[in-house]
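Welcome to this short tour! Have your viewer open and your selection tool ready, and we will go from one stop to the next.

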Amino acid sequence: MMKNLFIGLSLLFAGSMSPAYAGILPSVVSELDVSKYVGKWYQVASTNPFFQRDCVCTTANYNLREDGNVDVVNTCRKESVTGDLNEVKGIAYATSNPGKLNVVFGGIKLPGSNYWIIEVADDYSYAVVSSPLRRPIWVLARNPELPADTLDGIYKRLDAQGFPVDAIEPTLQAGCNN
């Protein structure tokens with residue numbers, strides 16, 4: 001089962017890279033204030049990876065642990081704002097680069113870093129997260145919505161780095177009770 005999941009994730013990531021950027025890794029934030037980053041985030045938009053299919057009202061909660069790592073709790077409702085609650089817990093481990101974390105779910109720690117913080121607002125009101133292969137992409141915010149001009153700017157900067165912005169879709173947050 002886990003072998004199939006690993007193979008599926010590998011194929012998903014490998015097929016998602018733009019040929020023009022195939023050998024060039026995306027840039028990440030050079031500094032991260034973890035105390036400002038922890039807390040609740042709303043998923044405003046994403047590329048809807050297979051493990052989030054049919055999710056609405058998606059949130060991520062990050063809490064600093066005593067050991068310096070971060071507890072991760074991702075939740076969503078399935079198919080509607082009143083749908084079943086889906087929750088997954090993990091731990092984010094720091095790496096030598098502050099913009100790259102290794103997030104582990106189910107105790108299976110893959111080598112390297114899989115959570116790349118591509119951009120974070122100066123006031124930590126939004127963040128853009130992806131992977132070394134530019135997919136999946138998550139646009140997170142402290143509020144359920146971001147102004148259209150802020151989103152447009154995010155998409156333009158992602159496009160300039162070769163991210164598949166045409167695959168990003170808004171996440172339903174209206175009517176959610178989170």
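Our tour begins with the lining of the second largest pocket, which by class has 13 nonpolar residues, four polar ones and no charged ones. Keep in mind as you look around that this is a predicted model.

**Stop 1: the pocket**

The volume of this second largest pocket is about 200 Å³. Now select Leu-32, Val-34, Val-70, Ala-92 and Leu-101: of the 17 lining residues, these are the closest to the pocket's centre.

Next, colour the elements α2 (34-37), β3 (70-78), β4 (85-94) and β5 (100-105), each of which gives two or more residues to the lining. Which element gives the most? That is β4, with three residues.

**Stop 2: Arg-65**

Move on to Arg-65, which you will find in the loop between β2 (55-64) and β3. Is Arg-65 buried, exposed or partly exposed? Its relative accessibility is 28%, so Arg-65 counts as partly exposed, since that class lies between under 20% for buried and over 50% for exposed.

**Stop 3: the neighbours of Arg-65**

Show side chains here and select Asp-67: its side chain makes a polar contact with the side chain of Arg-65, at 3.1 Å. Leaving aside residues up to four places away in sequence, Arg-65 touches Val-70, Asp-71 and Ile-91.

How values were computed: Residues are numbered from 1 along each chain as its sequence is written. This is a predicted model: local features need pLDDT of at least 70, side-chain atom pairs count only at pLDDT 80 or more; totals for chains, interfaces and linings use all residues. Side-chain values use heavy atoms; hydrogens and water are left out. On a 1 Å grid over the protein atoms alone, a cavity is a set of points where a 1.4 Å probe fits but cannot get out, and a pocket is an open set with protein on both sides within 12 Å along at least five of seven lines; lining residues have an atom within 4 Å of a point. Grid points are joined across faces, edges and corners, and a volume is the space filled by probe spheres set on the points. Helices (H or I, at least four residues) and strands (E, at least two) are DSSP runs, numbered from the N terminus. Ala, Val, Leu, Ile, Met, Phe, Trp, Tyr, Cys and Pro count as nonpolar, Asp, Glu, Lys and Arg as charged, and the others, Gly among them, as polar. Buried means under 20% relative accessible area, exposed over 50%, partly exposed in between (1.4 Å probe, protein chains only). Contact means heavy atoms within 4.5 Å. A polar contact is a pair of N or O atoms within 3.5 Å; within protein, one must be able to donate a hydrogen and the other to accept it, and residues adjacent in sequence count only if both atoms are side-chain atoms.
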